[in-house]
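Work through the exercises below with the sequence and the 3D structure open. Each task is followed by a solution in steps.

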Amino acid sequence: MSTRISHITYYVDIRSAYVQFLGCNFTCPWCIRRLTPWDHHLNNNELARLKFQGLLSMDEFLEIINYAITNYGLEEAVLGGEEPTIDPALPMIIRDLRNRKLRTRILTNAYEISGELLNELRQCINCETVVGIKTLDPNKHIKYTGKLLEPILRNIRRLIEDNVRVIFETVLIPGLNDVEDIEEIAKYLASIVRDPVLIIDPLIPKPGTPWRRPTQEELGGAMRRAGKYVRVITHETSGRPSRVIVLYPRPRYKLAK
Ligand code: SF4
């Protein structure tokens with residue numbers, strides 16, 4: 001069976017693989033993937049060497065995961081990049097990672113959560129689903145993502161009702177998803193879930209778009225105001241630095257063919 005996985009990096013010091021899916025059902029103009037299809041934590045030399053080598057089959061993916069467990073002591077897989085839920089193989093991928101007792105984080109916009117996926121997430125005690133909320137304004141949502149907001153809110157409720165471990169993420173975008181908008185997101189989360197956690201990331205601006213990077217003061221303000229309702233995390237301060245290597249596509253890991 002084929003997957004939508006196009007790229008896998010490995011964070012050596014935290015024993016975590018970042019498994020990256022190609023393609024998304026949203027059209028966010030600020031999407032960092034429009035800057036590079038590769039993990040932007042890689043250095044420029046590494047980025048220049050990378051060449052697309054096709055999407056992995058399920059067998060090839062598991063071969064890489066087994067290799068990383070044996071040779072690097074892999075403990076965690078993060079499923080993200082673009083949108084993992086567009087991959088019909090995602091439930092099987094989660095099941096195979098669970099069978100290997102790996103901690104698994106799924107980064108998703110939660111627009112499409114199939115019954116099969118929900119079932120896998122429900123059974124996976126080592127899984128955490130991170131739902132990205134772009135905005136709670138329905139008009140802005142459809143304007144920028146191309147999709148309605150309502151299915152996402154419905155899917156968040158399904159995840160919570162099914163006791164899936166879920167936390168949330170949003171991007172502070174001055175002029176689009178401002179400090180007060182993030183406070184509203186936090187307030188909303190506090191009304192639907194017990195002890196909510198919200199990751200707030202500052203926008204990394206993309207050339208040709210009108211939005212700037214927020215200042216540290218703005219980020220601090222968003223964290224303070226959201227912190228009245230939710231537990232707030234930001235990757236700006238919480239990320240542990242780690243060496244990053246490429247597992248796919250590249251010769252460092254050669255598939256047995
Ligand atoms: S949902 Fe995420 S991956 Fe998809 S376009 Fe938006 S920012 Fe990019």
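**Exercise 1: Tyrosine 18**

Tyrosine 18 is buried, with a relative accessible area of 15%; buried means under 20%, exposed over 50% and partly exposed in between, using a 1.4 Å probe and protein chains only. The model is predicted, so local features need pLDDT of at least 70 and side-chain atom pairs count only at pLDDT 80 or more, while totals for chains, interfaces and linings use all residues. Residues are numbered from 1 along each chain as its sequence is written, and side-chain values use heavy atoms, with hydrogens and water left out.

Task: locate tyrosine 18 and list its contacts beyond four places in sequence.

Solution.
- Step 1. Tyrosine 18 sits in strand E2, residues 16-21; strands are DSSP runs (E, at least two residues) numbered from the N terminus.
- Step 2. Contact means heavy atoms within 4.5 Å. On that basis, tyrosine 18 touches His7, Ile8, Thr9, Tyr11, Arg33, Asp39, Val78, Gly80, Gly81 and Leu107.
- Step 3. Glutamate 76 is 58 residues away along the chain, yet its C-alpha atom is 8.7 Å from that of tyrosine 18.

**Exercise 2: The nonpolar cores**

Task: find which residues touch the most other members of the largest nonpolar core.

Solution.
- Step 1. A nonpolar core is a set of buried Ala, Val, Leu, Ile, Met, Phe, Trp, Tyr and Cys residues joined through side-chain atoms within 4.5 Å.
- Step 2. The largest core holds 68 residues, and Ile8, Phe61 and Leu79 touch the most other members.
- Step 3. A second, separate core has 8 residues, including Tyr11, Tyr18, Leu42 and Val244.

**Exercise 3: The largest cavity**

Task: state the volume of the largest cavity and describe its lining.

Solution.
- Step 1. On a 1 Å grid over the protein atoms alone, a cavity is a set of points where a 1.4 Å probe fits but cannot get out, and lining residues have an atom within 4 Å of a point. Points are joined across faces, edges and corners, and the volume is the space filled by probe spheres set on them.
- Step 2. The count is 1 cavity of 30 Å³ or more. The volume of the largest cavity is about 40 Å³.
- Step 3. Its lining consists of Trp30, Gly132, Ile133, Lys134, Glu169, Thr170, Val171 and Ile173. Strand E6 (residues 166-172) gives the most, with 3 residues.

Terms used
On a 1 Å grid over the protein atoms alone, a cavity is a set of points where a 1.4 Å probe fits but cannot get out, and a pocket is an open set with protein on both sides within 12 Å along at least five of seven lines; lining residues have an atom within 4 Å of a point. Helices (H or I, at least four residues) and strands (E, at least two) are DSSP runs, numbered from the N terminus.
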